[in-house]
Every structure is written in structure tokens, then in C-alpha cells.
Amino acid sequence: EYVDRDSRIRLLHQSNQGVASARNAGIAVAAGSYIAPLDADDIWWPDKTRLQVQTMMESDAGLVYAWSAAIDEEGELSGGVNSSRRESSVFPELLFGNFVGNGSAPMIRKECFDAVGCYDEDFAKNNATGCEDRDLYLRLAQRYRFAVVRKVLIGYRKHANSMSSDADTMYRSHKMLLDRLRDRHVIPERYLRRSCAFSSLYLDKISARKKNFSACIGYLSRALFYYPGLAVERGFIKRLRVRAIQTARHVMPFLPRRRKRREAESKPTTRADVEARLNGSSINWLERHKQKYSDALRKWMADNPTDNSIRAKSG
């Protein structure tokens, strides 16, 4: 129907070969200057493309992303939000977490794909989907600056069947991502181990949402193995205590539950509500650790300028 109404729109069909293959098929025939993926279960709010194009035209960024708000299966805001402010040369930050948020958030100059390649289809071939986006962002960050529109412009739908909810597949995908980095660059192993630790903490949260508490124990143990210093971190100790209680109640549902009296926080109903809360939010313990190691890696890169392949160009 849309193709009939607008000759600029093209509808492509192919067998299911994974998200990377689908996006690459679209990129191959796209005629515009900018590429902006939109996954089928996410939404863009009407000002998304206008604000990102405006930022592209005002900067030398190769990628512009925007903030995302979590939405439920009915499309209602559910309270979660991705609101990173990281921009410019961001390779170190990307090593320790995908702050862009999701595949529907970025807009990328089409010319950048000629320089770094498209999405890597080998992730799907190895049953390791989940990090295709981050793999591309890391390759882009080697050469280009990033910019951010500090407004909630994307609705990121979270549901039980979404790809990001499969923790085991995501674990394999992250391992493959790091193997790719080892092949391309000389990065001290300690930073790759920290990346594994932060990824394990993320997968622990995914497993907890699915009430797979045995998996939580495994991912928390992995995080501690890769980053022993977490053992004395108050935030990590608190998470261990919460998981222990959740596991006990899951195994023994007859245990009494202590209910805390607390004034319930109203659920955000508009993007303005979400953005208002962001202005008063603080950085949590995990983000502080990520920033600590991002700063350390950036200093290492500055002290080892011979490896120019992981330094974003400045102009």
C-alpha cells in the first residue's frame, strides 16, 4: 500500500537470515545520504529523523543516536530509559557497554559503510545474535565521531520473545564480539576482561527478569571472575543479596515475604515525564565503574599512538 502511494519506498523480501542480513539488504539499495534502521517492534516518534538529520548537518559525526524509552507490548511507556550523553570519540565507552541503546536508535552516514563495512552476518551463522549493532558501532568509532540528540525519540519495545532477552545467545555474541576485537586490535587483556564482567552483569539482569535465578548465579560468578574487585563493591554486594533472596523464594515459595511500605512512584505517561526524571537522575555504581575504565583505556590509547586503528579521527 505504501509503495503504491510513494515511489521513494521500496519493499524487499528475503528468507529469514538474521537481522544483519536484512539490514544489509536495505542498505545495499538505499539511495539516501543517511541510514536509519527501525526494528519491526520498535517505534520512532515523529521528530526523530528531523532532529537527527539536523544534528548530522551541524556536525562531523558519522553516527547520531537519540534517547530511547522502554515501551510494553501495547506501546505504553513502562518506565525504563536509555539516556547516555556520551559523544565525540567513544571507542572506549563502547567497549564496556552499548550506550547507543538499541538498533532503532542510530542514524549513520551512508558513506561510513563504505569505510567500515556493513553489519556482520557471521553472528547469525554462528547462532550468536545480539551484538551485531555494537560490533558495527565499534568499527565506526575507530574512524568517526558520535553525537547524541538528548531527547526521547525512540520507543524500544521489550517483551519475552525479543532477541535481547535470550541471555545465553547474548553471551555467545559478546564473546564473538571480543574475538573480533582481538583480531583487529592490540588492546590490553585487562580491558577485555572488564568488558566481559560488565556484560555478565547485564545478562544477570536479563536472567532475573525471566526468573532464571540459576543463570543469575552463573553470570554473577563470571562477573566476579573477570573483575574480582567487584567483591568489595557495595552495589555488587547488594545485587548478590537480592538474587539470594529471589532464589530462595523461587525455590521455596512458602517463605514469608516482608513487604516494605513505600510510596509508589507514578508511572510516566509521556516522553516529557521521562525526560523530566532524567534531569534529576544520578549515575549508578556500575556506570561509574564503566567510566573509570573508559578513561583508563583512553589514556592507554593516548600513550600508545602507534595503533591508530582504534583512535577516532578528529575532523
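Which residue in strand 4 is the bridge partner of Ser68? I started my notebook with that question. I looked it up in a predicted model.

**Entry 1: Ser68 and strand 3**

I found that Ser68 has Asn82 as its bridge partner in strand 4. I then looked at the two strands as a pair. Strand 3 covers residues 63–71, and strand 4 covers residues 77–82. They run antiparallel and are joined by 3 bridges. I checked the hairpin that they form. It has 5 residues between the strands. Gly75 in this hairpin takes a positive phi near 90°.

I went back to Ser68 and looked at strand 6. There, the bridge partner of Ser68 is Ile154. Strand 6 spans residues 146–157, and it pairs with strand 3 in the parallel sense over 9 bridges.

Next I looked up strand 5, which is residues 107–109. Strand 5 and strand 3 pair over 2 bridges in the antiparallel sense.

Is strand 3 enclosed by the rest of the structure, or open? I counted 9 of its 9 residues as buried, so strand 3 is largely enclosed by the rest of the structure. I also wrote down a general point: side chains in a regular strand alternate between the two faces of the sheet.

**Entry 2: helix 7 and helix 8**

I turned to the helices. Two packed helices are described by the angle between their axes and the distance between the axes. I took helix 7, residues 132–141, and helix 8, residues 167–184. They pack at an angle of about 25°, and their axes are 10 Å apart. Angles under 35 degrees count as roughly parallel. Helix 7 and helix 8 are therefore roughly parallel to each other. I noted that their crossing is right-handed.

Which residues meet here? From helix 7 I listed Arg134, Asp135, Leu138 and Arg139. From helix 8 I listed His174, Leu177, Arg180, Leu181 and Arg184. I sorted this contact by class and got 3 nonpolar, 1 polar and 5 charged residues.

**Entry 3: helix 8 and helix 10**

I stayed with helix 8 and looked up helix 10, residues 213–226. The axes of helix 8 and helix 10 come within 13 Å and cross at roughly 25°. These two helices are therefore roughly parallel to each other as well. Helix 8 makes the contact with Ala167, Asp168 and Tyr171. Helix 10 makes it with Tyr219, Arg222 and Tyr226. By class, I found 4 nonpolar, no polar and 2 charged residues in this contact.

**Entry 4: Arg271**

Arg271 lies in helix 12, residues 271–279. Is Arg271 buried or partly exposed? Its relative accessibility is 23%, so Arg271 counts as partly exposed. I needed the cut-off here: buried means under 20%.

I set aside the neighbours of Arg271 within four places in sequence. Arg271 is then in contact with Trp45, Asp47, Leu77, Val152 and Leu153. Arg271 and Trp45 are 226 residues apart in sequence. In space they are 9.7 Å apart, C-alpha to C-alpha.

**Entry 5: the whole chain**

I ended with totals. The protein chain has 13 helices and 6 strands. It has 315 residues, and 44% of them count as buried.

Notes: Residues numbered from 1 in each chain as written. Predicted model: local features only at pLDDT ≥ 70, side-chain atom pairs only at ≥ 80, totals over all residues. Heavy atoms only, no water. Axes fitted to C-alpha atoms, helices over the stretch in contact; angles between N-to-C directions. Helix = DSSP H or I, 4+ residues; strand = E, 2+ residues; numbered from the N terminus. Parallel < 35°, antiparallel > 145°, perpendicular 65-115°, else oblique. Left-handed = near helix turned anticlockwise from the far one by under 90°. Contact = heavy atoms within 4.5 Å. Nonpolar A, V, L, I, M, F, W, Y, C, P; charged D, E, K, R; others polar. Pairing = 2+ DSSP bridges. Buried < 20%, exposed > 50% of the residue type's maximum accessible area, 1.4 Å probe, protein only.
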